[in-house]
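Please read these notes with the model open beside them. The points begin with a bond and then move on to rings, helices and loops.

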Amino acid sequence: MNKKFAAAVSGGAVLMLVLSGCGGDETDNKANAWAKKVCDKWQPELKKIETANTDIKRVATETSKPDEVKTTDSAAFGTMSESYKAMGTALQGAGVPPVKDGQTTQAAAIKGFEETSKGYADLKTKMDGLDPQDQTKFAAGLKEVAGGLEAATQGGKNALNTLKSGGLDKAMNTQKGCQVAAPSPSAK
């Protein structure tokens, strides 16, 4: 039961890996300056999201007690909600991106991050409402929460796609603050 939940949550972690990758040859100084403003603000939020996902995976084992799962997951969802909201705020604070339809791109991306922030806040509320003493109901509630993860992350995915289609991916990929280290494969 918890392993499926961990797998579903780790799908949310992939959300932020979308913008990472090899930088482009784009030398547009305005786009790079705009991306730096955004990515510098995003870096601490991306780290918080990564840590929250790690915490969720850590307690998503058969040996974790329901109380620990509830407390950890609730805190992680709260952190993710705050971080995605902060990412939208950073986009707003950076000003209109210097691309065609920059204002529309910015507004759509901000909206997407706000939707994901709300989605995680809703998951936190659901998690807080679960009774870890009744393991059958708790398991069913966890399954429902896991089922809501895709919807919770959709706004953020849309936001990243908006930024990419707006032509900002190259400028953002060159910024250290937007680069997320992919986990290295474990040596055997």
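1. The count comes to one disulfide, taken as a pair of cysteine sulfur atoms within 2.5 Å. The two partners are Cys 39 and Cys 178, with their sulfur atoms 1.9 Å apart. As background, a disulfide is a covalent bond between the sulfur atoms of two cysteines.

2. The model is predicted: local features need pLDDT of at least 70 and side-chain atom pairs count only at pLDDT 80 or more, whereas totals for chains, interfaces and linings use all residues. Residues are numbered from 1 along each chain as its sequence is written, and side-chain values use heavy atoms, with hydrogens and water left out.

3. What is the handedness of the disulfide of Cys 39 and Cys 178? The torsion about the S-S bond is about -90 degrees, so the disulfide is left-handed. Cys 39 is buried, at a relative accessible area of 0%, and Cys 178 is buried too, at 2%. Here buried means under 20% relative accessible area, exposed means over 50%, and partly exposed is in between (1.4 Å probe, protein chains only).

4. There are four aromatic pairs. Rings of Phe, Tyr and Trp (its six-membered ring) pair if their centres lie within 6.5 Å; planes under 30 degrees apart count as stacked, over 60 as edge-to-face and the rest as tilted. The rings of Tyr 84 and Phe 113 are stacked, because their centres are 6.2 Å apart and their planes are at 20 degrees. This pair also links distant parts of the chain, with Tyr 84 in helix 3 (residues 66-93) and Phe 113 in helix 4 (residues 102-128), 29 residues apart. Tyr 84 is buried at 0% relative accessibility, and Phe 113 is buried at 0%. One aromatic cluster is formed by Trp 42, Phe 77, Tyr 84, Phe 113 and Tyr 120.

5. The secondary structure consists of seven helices and zero strands; helices (H or I, at least four residues) and strands (E, at least two) are DSSP runs, numbered from the N terminus. Of the 188 residues, 44% count as buried. Among contacts with a separation of 6 or more, 82% come from residues 24 or more positions apart, a contact being heavy atoms within 4.5 Å.

6. Helix 2 has 31 residues and spans 44 Å from its first C-alpha to its last, close to the 45 Å expected at 1.5 Å a residue; the expected span is 1.5 Å times one less than the number of residues. At Trp 42 helix 2 bends by about 35 degrees, and a proline, Pro 44, follows within four residues. The bend is the angle between axes fitted to the seven residues ending at a residue and the seven starting there.

7. Which loop holds Asp 101? Asp 101 sits between helix 3 and helix 4 and is exposed at 52% relative accessibility. Its phi is positive, about 55 degrees, although Asp 101 is not a glycine. Most residues other than glycine have a negative phi.

8. Gly 167 lies in the loop between helix 6 (149-165) and helix 7 (169-173). At 43% relative accessibility, Gly 167 is partly exposed.
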